[in-house]
Amino acid sequence: MLTEIARGTRLRNVFNKETFVFSGPLDNPGVARFGVILEKGGSGGGNALVHVHPGADEHFAVKSGRIKVVVDGREQLVDAGGTAIVPRGRPHYFANVGESNADLEISFVPAQQHLRFFANFATLTVKQPAWFSSAGDPNFLLIALVLHTYRDHLYLAGVPIWLQKLLFALLAPVARLAGYRMAIEPLSETLARAGVAA
């Protein structure tokens, strides 16, 4: 199991044509920042599933290309040089709508452990592709394990969060029994608050 991501690590999710570029500190408590390259037709945010981040605002800064960010069903087009913000708790997804790759920087404020969370999922798509469907959807037990382990980072929109928390807590041990494992574990609460790497 990894506890760190080397600076400059690039992880490509073949399913949704999304490459993560990790170039900053893994455990900055103030902001989680990483690069994303979306290929033509690529989607971000769990294969464009509508989702929420209950504890952090998500910021998009587009370096090249064009993306759409859909928040509460309202679409915003963001071109190179533009930015968009998704306030915490708002249902959203994003996708590349240009004719070439879209290169963007994504930040979460406060950081929580979003960088570890996304690095975990990206690593699993590379190391354990059999745990994902041909469309890129993670096995439901894997979803339960990851979203329970990284509580309060991401939930599906449209389903009460309390119900998801309960369901994931019940299914996480089943997922472990079935052989699913995390690629990157979160820091303990104390270390995360102090901003100290494991």
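Trainee: Among contacts between residues at least 6 apart in sequence, what share joins residues at least 24 apart?

Mentor: In this protein, 70% of those contacts join residues at least 24 apart. A contact means heavy atoms within 4.5 Å. The model is predicted, so local features need pLDDT of at least 70 and side-chain atom pairs count only at pLDDT 80 or more, while totals for chains, interfaces and linings use all residues. Residues are numbered from 1 along each chain as its sequence is written, and side-chain values use heavy atoms, with hydrogens and water left out.

Trainee: How many helices and strands does the protein have?

Mentor: The secondary structure comes to five helices and 12 strands. These are DSSP runs numbered from the N terminus: helices are H or I with at least four residues, and strands are E with at least two.

Trainee: And what percentage of the residues is buried?

Mentor: Buried residues account for 45% of the 198 residues. Buried means under 20% relative accessible area, exposed means over 50%, and partly exposed lies in between (1.4 Å probe, protein chains only).

Trainee: Why is α2 described as largely enclosed?

Mentor: Because 12 of its 14 residues are buried, α2 is largely enclosed by the rest of the structure. Among the buried residues are His-114, Arg-116, Phe-118 and Asn-120. Their cover includes the strands β1 (9–13), β2 (18–22), β3 (32–38) and β11 (102–109), together with helix α3 (140–149).

Trainee: What about α3 itself: how many of its residues are buried?

Mentor: Eight of the 10 residues of α3 are buried, and the helix is mostly covered. They include Leu-141, Ile-143, Val-146 and Thr-149. The buried residues of α3 pack against α2 and α4.

Trainee: A new topic: how many aromatic pairs does a search of the whole structure find?

Mentor: The search finds 13 aromatic pairs. One of them joins Phe-34 and Phe-118, a tilted pair with 5.5 Å centre to centre and 45° between the planes. It links distant parts of the chain, since Phe-34 is in strand β3 and Phe-118 in helix α2, 84 residues apart. For the terms, rings of Phe, Tyr and Trp (its six-membered ring) pair if their centres lie within 6.5 Å; planes under 30 degrees apart are stacked, over 60 edge-to-face, and the rest tilted.

Trainee: Are Phe-34 and Phe-118 buried or exposed, and which residues form the aromatic cluster?

Mentor: Both Phe-34 and Phe-118 are buried. The cluster consists of Phe-20, Phe-22, Phe-34, Phe-108, Phe-117, Phe-118, Phe-121 and Tyr-150.

Trainee: Lastly, where is Pro-186 found?

Mentor: Pro-186 lies in the loop between α4 and α5 (189–194). It counts as partly exposed because its relative accessibility is 24%. Not counting residues up to four places away in sequence, Pro-186 touches Gln-113, Arg-116, Thr-149 and Tyr-150. The C-alpha atoms of Pro-186 and Thr-149 are separated by 7.5 Å, although the two residues are 37 residues apart along the chain.
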